[in-house]
Amino acid sequence: MSSVAATIDGADIHAGHDAHQEHHHHETFVSKYVFSQDHKMIAKQFLITGMIWAFIGGLFSVLFRIQLGYPDATFPWLQDILGHWAEGGKLKPEFYYAMVTMHGTILVFFVLTAGLSGTFANFLIPLQIGARDMASPMLNMLSYWFFFLASIVMFSSLFVQTGPASGGWTIYPPLSALHEASSGSKIGMDLWLVSMALFIISSLLGGLNYITTILNLRTKGMSMTRLPLTIWSLFFTAVLGVLSFPVLLSGAILLLFDRNLGTSFYLSDIVIAGKIMPNEGGSPILFQHLFWFLGHPEVYIILLPAMGMSSEIISVNSRKPIFGYMAMVASLFSIAILAFLVWAHHMFVTGLNPFLGSIFVLLTLLIAVPSAIKVFNWLTTLWRGNIRFTPAMLFAIGFVSLFISGGLTGIFLGNSALDIHLHDTYFVVAHFHIVMGVASFFGMFAGVYHWYPKMYGRFLNNTLGYIHFWVTIIGAYLIFWPMHYEGLAGMPRRYYDFANWESFNMFGGLNEFISTVALVVFVAQILFVINFFYSIWRGRKVTTQNPWGANTLEWTTPIRPGHGNWPGEIPEVHRWAYDYAKDGNEFIPQNVPVGEDESKH
Amino acid sequence: MKVLLPILILVMVFVIIFQIAKASEYVSVLKGEDKSNKQTNKVNAFMLIAFLILGLLGAWWCNDLYYDKTLFVKGSASAEGTEIDTMLYITIAVTGVVFVVTQVLLFWFSFKYQAKDDNKAYYYPHNNKLEMIWTVIPAIVLCVLVVFGLRTWFKITNPAPKNSILVEITGHQFAWEARYPGTDGVFGKKNYKLTTGTNPLGVDFSDPFSHDDIHIGGTDIHIPVGRPVKLVINAQDVIHNVGLPHFRLKMDAMPGIPTTLWFTPIVTTAQMREKTNNPKFVYEISCDQMCGPGHFNMRGVITVETEEEYNKWLAEQYKKPEYFSVYPDKAPKVADTGMLKKLDTLTTAQMVKGAK
């Protein structure tokens, strides 16, 4: 671990205690970078794999936005890169739907679940609770490699002759169950299901590890109520995942059976392409219940880490304690509980019992209360702060703005009577992209910019960060704000072309505009990727241990911590993570003992 | 070349941006990071407040551009939809106020409390009273919205009125089929295993109720204005959805699980044509549930007409029940008029009664 010792700067009181390092054995390239059991390296593996997936998923959205923006044009280069999927330079409907499906699947699961939770739960949990690593580094490593396997299977499905799954990321049967229903329901669908099964295993291994670590490996003095909000949010995220992903697994396995073994879990009374199917007695609704029992908590699996990280970053950069810490924890808790009780609000128009529907309306709108508490607490945290606009802080503020915008439209959709009208229109597309997609991405970006110095010992380039932020937030609003109007015009989502419709063909210009902005925003993300990889090797070096003046424990480690995180003893915790601006001190890290004359809050 | 050029330009732009970014980093190191941080802080604080103002103006402008294209201006074509529109307005008003207030506070606080040398952050960790206030107020507001919403929801999802016209609509990849119950007002039984090319809906013609049922392919469903219509919704292969944007309604079509949806049209197609100044206007049925590669073209049409026009149309349809087209030998000869005569002598009142 000589490299660690070399980079520890003079300020580190533990410098020279290299002998305390747990691992003396020589690390090979394979054990350090490939099959690493160091939570920090696994976090980076999740992050970079997530970034590759984000690039693919984002590229797909650009490609299908070309179709939506320019439905009459042909682009010969499309055929050059996509072959028979874009014969004559125009995307085929089958492939359009395949790309829409893969865009959703990739972004929801591979990027905003694995890439977000996988990265930050791995990176921050041991560092912020004061642990040398996860409870089981081995399972942690397996978690990544199951994700990697899932990625390989999903990626390979892009290259099969009949194309990847194309029934939408919700893969409702019978469309996804019947080979005859679409070309994407052939081998591509089997690969999707196998990939998701592997993904769920990965997620469970990770989640169990996160929960165990947070509950058992906190350092001395780190009571649960002293945990930074990042850890609380990652904790609830893991609980949500562990309790809900298995349900999706069972749903997916039953679907595999229906597809390949002739069972009738989801199928009944079907005539397809003139063929009378023998299946009787199944219910397609059953799948929707199983899917959304995960599917809704999944939304919070994506959102909670972004909330936690934004809370932390807003507090650090306002130089002020987070307002209402206990209320923040309580609202995270109530969101986590309610997340399990609202799944059927995705099914208001399936013909479900209206009384049952009304219960789900009540519970769904109830979520707005803890969400409102969080927003008001963030606003009050900013109030009378001394705010530093680092790129991370800008992304955290952007997160709050997007969370407000997208959250409020949830009040429309959660109200079943309005949902009858707005269901599956562009209003929904706008809603969930803003609140779940872009907002969570902003939380993720905030996290990357904020903890990059801890990850790589170097800074990301600030100017590029600012350009990245401004292009992305302006672009995000330009793309998704006008979509609400398309939704209010009744325009259905998942349409390849609106030319044949008298009711929906008046948004040609707007669709073109949205597609153009989407392209610009995508290009701006490439700027971020370049910044990310360039800065790993050539970024400005971090020279102080605690560059942001933050209170949490990760900033007490050496600038480039080795496996085991602290060269000496793990610091003891004496206070909560938010003693900023207290008693005239700009900040008081958690490991500083409480002074005798210190005021109590 | 055509592809290469934009890529080249893009790469050039990237390189330039990147060089500027690198240079500004060096400059900041040379100038002293503290000083340059202060500058960028000021710039970003200003940008945030500018973003707020331009954003709000932009939202206004966007509304100006696109409001006329939403369904609001046309007004709902069904009585139930009118209530949904009212609810939408209320919800937009409530959320609109919250939206403006919170966004203004967010960006204004960011701007106002930007880091300054003489400024010190204020240690303010919690205030139970404030937190109670902003827990209780949203809860009350949401209760109001829930009560409004559920009243409308139950009104719409309650069983259809007794005098509703019955129409069965069946979705398959990628079209809709409609069936009317005929003069007896009862649909003949169906069994999906009986589906053939000539009997595409799988009607069980051993059921005498099926003999007068009317099957309308290529879906142009006619319904009269002012009377409730109950749709019985089926799907043959995958899940579809009967989307009726102008009536503000939709309902899934599930294979094996019939669903229903009822509404009262209040504006005829002709009236809507006048209202929208669009002679091509029709009420369209859009499939709103992803159903395969042809999903985007799964279109149906509903024609809302006056009672008189409807009855005339219906009388025409009664002359050609599906039974006769499946079993042409059973069809009455043109001269043989037993059934046709009976039909012609039916009064409107009788038909209406029959159509229950």
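A:Asp269 is buried, with 26 other C-beta atoms within 10 Å; buried here means 20 or more other C-beta atoms within 10 Å of a residue's own, with C-beta atoms placed from the backbone. A:Asp269 also has a positive phi of about 50 degrees, although it isn't a glycine. Its place is the loop between helix H8 (229-260) and strand S1 (271-272) of chain A, where helices (H or I, at least four residues) and strands (E, at least two) are DSSP runs numbered from the N terminus. B:Arg248 counts as buried too, with 26 C-beta neighbours inside 10 Å, and its phi is positive, near 65 degrees. Most residues other than glycine have a negative phi, and most peptide bonds are trans.

This is a predicted model, so local features need pLDDT of at least 70 and side-chain atom pairs count only at pLDDT 80 or more, while totals for chains, interfaces and linings use all residues. Residues are numbered from 1 along each chain as its sequence is written, chains are lettered from A and ligands numbered from 1 in the order in which they are written.

Cis peptide bonds turn up as well. One runs from A:Pro173 to A:Pro174, with omega near 5 degrees, and another from B:Gln173 to B:Phe174, with omega near -5 degrees.

Key. Buried ≥ 20, exposed ≤ 12 C-beta atoms within 10 Å, placed from the backbone.
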